[in-house]
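Here is a note to read beside the sequence and the 3D view. Please keep both open while going through the numbered points.

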Amino acid sequence: MAVPLATGAADTVPLLPDLLARCRVGVAAAEAIVEAARRQVARQAAPDGKVDANALDRAQYAAHGFAWLATYATALGQLLAWAERLDAAGKLGGAEALILQIGFGEYLAQIGGGFPMSQSEIVRPIDLGLTAADLKPLEKIEDLISGGNTALARSALAACLSGDQFGDVGLDDEALTIIRDQFHAFAEAHREDAHHWHLEDELIPLEVIGQLAEMGVFGLTVPEEFGGAGLGKLAMCVVTEELARGYIGLGSLGTRSEIAAELIRLGGTEAQKRKWLPKLASGETLPTAVFTEPNTGSDLGSLRTRAVRDGDVYKITGNKTWITHASRSDVMTLLARTDPSSSDYRGLSMFIAEKPRGTAENPFPAPGMKGGEIPVLGYRGMKEYELSFDGFAVKAENLLGEKEGEGFKQLMATFESARIQTAARAVGVAQCAMELGLKYARERIQFGKPIFSFPRISGKLAWMAVETMIARQLAYFAAREKDSDRRCDIPAGMAKLLAARVAWSNADNALQIHGGNGYAQEYPISRVLCDARILNIFEGAAEIQAQVVARGLLSGRN
């Protein structure tokens with residue numbers, strides 16, 4: 001197969017022969033190296049055959065590097081699975097084949113030489129205890145490593161890119177394709193509005209939220225018997241990605257409903273399900289998640305907010321922070337300590353805490369509750385708040401599951417879905433950055449021609465297309481695992497870990513393509529850069545995700 005070059009010349013760049021077969025060998029090589037690394041890291045973090053928390057912390061750099069290595073291997077496996085599905089359907093075109101070849105060439109090269117955990121942390125094979133013998137499987141696909149991600153290949157792929165052509169996403173489902181197109185159009189219709197909301201630091205209008213409610217966003221995964229669409233997590237990914245492509249706030253509006261509905265569906269009583277799920281699914285009730293405290297961050301087990309039973313109510317006292325959409329919400333899923341003698345997660349309980357919806361003049365009208373806005377760089381459409389509670393009353397019947405001490409376990413049951421949804425948001429932001437970069441590169445004339453003509457510009461965009469597709473397929477994989485009722489905390493963590501890095505990388509590179517204009521607030525890429533940065537932090541910072549993945553894999557889970 002041959003693909004035209006970006007220059008439009010008659011010259012062509014050939015794809016590597018037997019590409020799918022070579023990539024299968026590449027996956028096997030990556031998996032063999034992951035297993036070698038697992039043995040080496042386990043000697044440090046699990047010296048007696050079981051993960052030791054203190055030892056894991058001491059070996060954190062190697063353990064987190066191992067998590068990233070395993071993420072690369074899994075991502076390559078899913079990129080190959082995507083290409084094989086397209087090939088079987090006769091849809092593996094030149095662009096898709098180049099994405100496969102470039103992705104494998106680059107990731108395998110990084111596995112053998114070093115890959116980034118962050119901008120300043122490059123993990124080398126020696127950091128994982130790997131030897132030349134452990135890396136020997138890479139010799140079998142040296143042609144893929146040396147000839148996969150070449151300047152010629154990137155140029156050829158860049159020539160295939162257009163405003164709406166970045167490679168077939170491989171859904172292979174007519175219903176999902178229709179849903180994707182529907183939300184793509186909605187996001188397109190609100191692109192200019194989104195930048196206005198950001199610049200003016202305004203809440204997304206209730207009219208827009210109402211439109212999303214009518215489209216079923218808030219009840220996507222809620223069972224039909226409770227008024228939802230009864231769709232799976234893959235559909236949630238598709239919808240979230242498309243909305244976040246238009247604006248991260250649009251893609252995030254459904255997050256709180258997803259978390260609240262999942263909490264109630266999995267942990268609530270039958271009466272709680274029948275009362276709350278239909279309201280959440282219809283968008284009549286807007287929820288917010290109230291978990292984080294000023295001094296806890298990811299250490300939820302050390303929460304100090306108290307809930308004391310007083311007759312038919314619990315009185316809540318304490319402080320919370322980084323609460324998204326708090327003023328406008330009607331109900332809070334609130335985590336608090338009901339056992340004052342406890343000092344860890346076992347004393348926590350979850351509440352469905354009702355509150356009146358706030359206004360601009362009076363954002364928190366509930367007795368016993370106060371709040372203040374936290375000004376932020378991006379992710380502005382719902383606003384962030386810090387809250388304080390002083391005797392705030394919650395009906396005892398709204399204790400989730402009507403059982404104390406289950407809060408942390410109930411919350412943990414939602415983490416897989418929340419991280420898959422966040423990975424989808426990150427893919428949407430990555431896609432948005434790529435589209436903005438491509439549009440600008442084609443329109444910006446310098447030295448008498450579009451800057452897209454310069455290889456370092458088109459090459460950046462080609463790599464964005466490759467890595468966005470890799471992150472997308474990893475997110476879809478985690479969603480499919482969840483839809484199949486398989487434990488997927490590791491795939492979900494991997495998807496969030498990689499997609500967040502890709503979103504930031506794409507946004508940074510797209511701004512670079514814009515040059516000085518990218519630094520001006522009038523250009524949307526300035527907003528996208530700010531929005532992308534939060535993705536490495538919320539729903540578990542990148543370091544936490546790596547810790548979760550490493551611990552799980554070293555404990556023998558897949």
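**Notes on the model**

1. Thr71 is buried, at a relative accessible area of 0%; buried means under 20% relative accessible area, exposed over 50%, and partly exposed in between (1.4 Å probe, protein chains only). Thr71 sits in helix H3, residues 60-88. Helices (H or I, at least four residues) and strands (E, at least two) are DSSP runs, numbered from the N terminus. Not counting residues up to four places away in sequence, Thr71 touches Leu474, Met494, Leu497 and Leu498, where contact means heavy atoms within 4.5 Å.

2. Some notes on the source come next. This is a predicted model, in which local features need pLDDT of at least 70 and side-chain atom pairs count only at pLDDT 80 or more, while totals for chains, interfaces and linings use all residues. Residues are numbered from 1 along each chain as its sequence is written, and side-chain values use heavy atoms, with hydrogens and water left out.

3. How many disulfides are there? A disulfide is a pair of cysteine sulfur atoms within 2.5 Å, and by this rule the count is zero. A disulfide is a covalent bond between the sulfur atoms of two cysteines. The sulfur of Cys160 has its closest cysteine sulfur in Cys23, 17 Å away, which is too far for a bond. Cys488 is in no disulfide either, and its nearest cysteine sulfur, that of Cys237, is 10 Å away. Cys160 is partly exposed, at 27% relative accessibility, whereas Cys488 is buried, at 0%.

4. Cys237 is in helix H10 and is buried, with a relative accessible area of 1%. Leaving aside neighbours within four places in sequence, Cys237 is in contact with Ile420, Ala424, Ala475, Tyr476 and Ala479.

5. Helix H10 covers residues 233-246, which is 14 residues. The expected span of a helix is 1.5 Å times one less than its number of residues. For H10 this should give 20 Å, and the end C-alpha atoms are 20 Å apart, so the two agree. Is H10 enclosed or open? Of its 14 residues, 14 are buried, so H10 is largely enclosed by the rest of the structure.

6. Two packed helices are described by the angle between their axes and the distance between the axes. The axes of H10 and helix H14 (residues 415-443) come within 7 Å and cross at roughly 35°. Axes are lines fitted to C-alpha atoms, for helices over the stretch in contact, and angles run from 0 to 180 degrees between N-to-C directions. The crossing of H10 and H14 is right-handed; a crossing is left-handed if the near helix is turned anticlockwise from the far one by less than a right angle, and right-handed if clockwise. Among the H10 residues that meet H14 are Met236, Cys237 and Thr240, and the H14 residues include Ile420, Gln421 and Ala424.

7. For helix H11 (residues 248-267) and helix H12 (residues 270-282), the axes come within 10 Å and cross at roughly 165°. That makes H11 roughly antiparallel to H12, since angles under 35 degrees count as roughly parallel, over 145 as roughly antiparallel, 65 to 115 as roughly perpendicular and the rest as oblique. H11 passes H12 in a left-handed crossing. On the H11 side the residues are Ser257, Ala260, Ala261, Ile264 and Arg265, and they meet Gln272, Lys273, Trp276, Leu277 and Leu280 in H12.

8. Leu250 belongs to H11 and is buried, at 0% relative accessible area. Leu250 and Leu212 are 38 residues apart in sequence and 8.8 Å apart in space, C-alpha to C-alpha. The contacts of Leu250, not counting residues up to four places away in sequence, include Phe186, His190, Trp197 and Leu212. His190 lies in the loop between helix H7 (174-189) and helix H8 (191-200), and is buried, at 10% relative accessibility.

9. Most residues other than glycine have a negative phi, and most peptide bonds are trans. Trp322 is not a glycine but has a positive phi of about 55°. Trp322 is in strand S7, residues 313-324, and is partly exposed at 47% relative accessibility. Glu539 also has a positive phi, near 60°.
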